[in-house]
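Colleague: I am new to this structure and would like to learn how to read it. Could we go through it together?
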Amino acid sequence: MNCVLRGLTFICGIFAWDIFDVNICLNFWGWAGYGWGMENICIDAHCHFNRDADLDAIVARARAAGVMGGVWNAVVEPDWTPIANASAACDGILGAIGIHPMYAGDVRDGWDMRLIDMLAAHPNLMVGEIGMDKNYPHPDVQERVFIRQIEIAAEMRRVVHIHLVGMWDRLFRILDGRRDNLPPRIILHAFGGSAQTMAEFDRRFGAYFSFGPGIFNPRRRRAHECVGRAPVNRILAESDGDDLAAVVDVVRRIGEIRGRDMTSVIYTNTRGALNNG
């Protein structure tokens with residue numbers, strides 16, 4: 001009888017999700033004993049794994065800690081197939097494929113067409129980790145590779161996960177020139193800009209700002225300011241590593257900085273941010 005009751009409550013939670021609000025759904029499931037109450041639901045907005053990682057075990061550990069899953073971001077082309085396969089086969093793993101700025105100078109001829117083909121074959125894949133970084137060589141090559149990936153993401157209506165360090169003027173110029181043809185959602189991974197840059201980015205592009213373990217560093221006052229001033233409906237949390245469970249502490253730290261529990265807010269934000277189309 002108890003199992004039947006929990007099963008019926010799970011179904012009610014699904015209807016609550018579709019009809020009412022994510023928080024109502026989570027309350028249904030938490031009450032039913034699934035361990036999925038509002039206080040322990042997280043999604044890791046940006047993570048990385050070894051290509052041969054035991055993802056089923058990783059997700060099982062994450063769910064025991066209250067994390068439903070995460071977005072595995074590529075850095076080089078050989079990551080694409082493992083990510084595509086994992087996102088199709090492993091419940092809890094979403095995928096983003098692209099070329100990281102560190103490796104922009106290493107792309108092989110035809111990389112962009114292979115990216116298009118992979119995205120076309122896997123409609124749920126996003127584009128990432130892409131971007132520009134002043135600490136890596138060949139900034140002009142980085143820019144060309146980044147622009148091509150932004151074009152592809154816009155044409156194919158895919159969310160983009162952007163890595164950006166110290167090249168904000170270039171990023172604003174690139175995106176401003178494509179105001180009528182941008183990707184459906186822009187996520188600034190491990191956001192490291194100023195509060196002023198964040199406000200301008202929000203005003204122009206309505207981006208999402210993802211914060212990671214860097215916010216635990218007490219010397220990163222600018223990051224703490226950005227966490228405190230970010231639009232509440234645009235905040236995401238990430239591990240930027242291979243331990244999905246680590247995002248729970250990031251969410252908790254964001255809440256401490258904001259002075260309120262941010263768990264359900266960030267969860268709802270992340271669900272909205274990760275939808276292609």
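Colleague: Let me start with a pairing: which residue in strand 2 does Cys47 stand opposite?

Modeller: Gladly! This is a predicted model, in which local features need pLDDT of at least 70 and side-chain atom pairs count only at pLDDT 80 or more, while totals for chains, interfaces and linings use all residues. Residues are numbered from 1 along each chain as its sequence is written, and side-chain values use heavy atoms, with hydrogens and water left out. In general, strands of a sheet pair through backbone hydrogen bonds, either parallel or antiparallel. Here Cys47 stands opposite Trp72 in strand 2, and Asp44 stands opposite Gly70 in strand 2. Strands are DSSP runs of E with at least two residues, and helices are runs of H or I with at least four, numbered from the N terminus.

Colleague: In which sense do strand 1 and strand 2 pair, parallel or antiparallel?

Modeller: The two pair in the parallel sense, over four bridges; two strands count as paired if DSSP finds at least two bridges between them. With helix 3 (residues 55-64), strand 1 and strand 2 make a right-handed β-α-β unit. Right-handed means that, with the strands pointing away from the viewer, the path from the first strand over the helix to the second runs clockwise.

Colleague: What order do the strands take in the sheet?

Modeller: The open sheet has eight strands in the order 1-2-3-4-5-6-7-8, with parallel pairing. Strand 1 and strand 8 (235-237) stand at the edges with a single partner strand each, so one side of each has no neighbour in the sheet.

Colleague: Why is strand 1 largely enclosed by the rest of the structure?

Modeller: Six of the six residues of strand 1 (residues 42-47) are buried, so the strand is largely enclosed. Buried means under 20% relative accessible area, exposed means over 50%, and partly exposed lies in between (1.4 Å probe, protein chains only).

Colleague: Now the pockets: how much space lies in the largest pocket?

Modeller: Rolling a probe the size of a water molecule over the atoms shows where empty space is left. The largest pocket holds about 620 Å³. A pocket is an open set of points on a 1 Å grid over the protein atoms alone, where a 1.4 Å probe fits, with protein on both sides within 12 Å along at least five of seven lines; lining residues have an atom within 4 Å of a point. Its volume is the space filled by probe spheres set on the points, which are joined across faces, edges and corners. Of its 24 lining residues, Ile43, Asp91, Gly92, Leu94 and Leu274 lie nearest the centre.

Colleague: And what is the volume of the second largest pocket?

Modeller: The second largest pocket has a volume of about 160 Å³. Among the residues lining this pocket are Ala190 and Asp240.

Colleague: What should I notice in the backbone at Ala190?

Modeller: Most residues other than glycine have a negative phi, and most peptide bonds are trans. Ala190 has a positive phi near 45°, and sits in the loop between strand 6 (186-188) and helix 8 (195-205). Asp240 also has a positive phi, about 55°, in the loop between strand 8 and helix 10 (247-258). As for the peptide bonds, a cis one joins Gly128 and Glu129, with omega about 0°.
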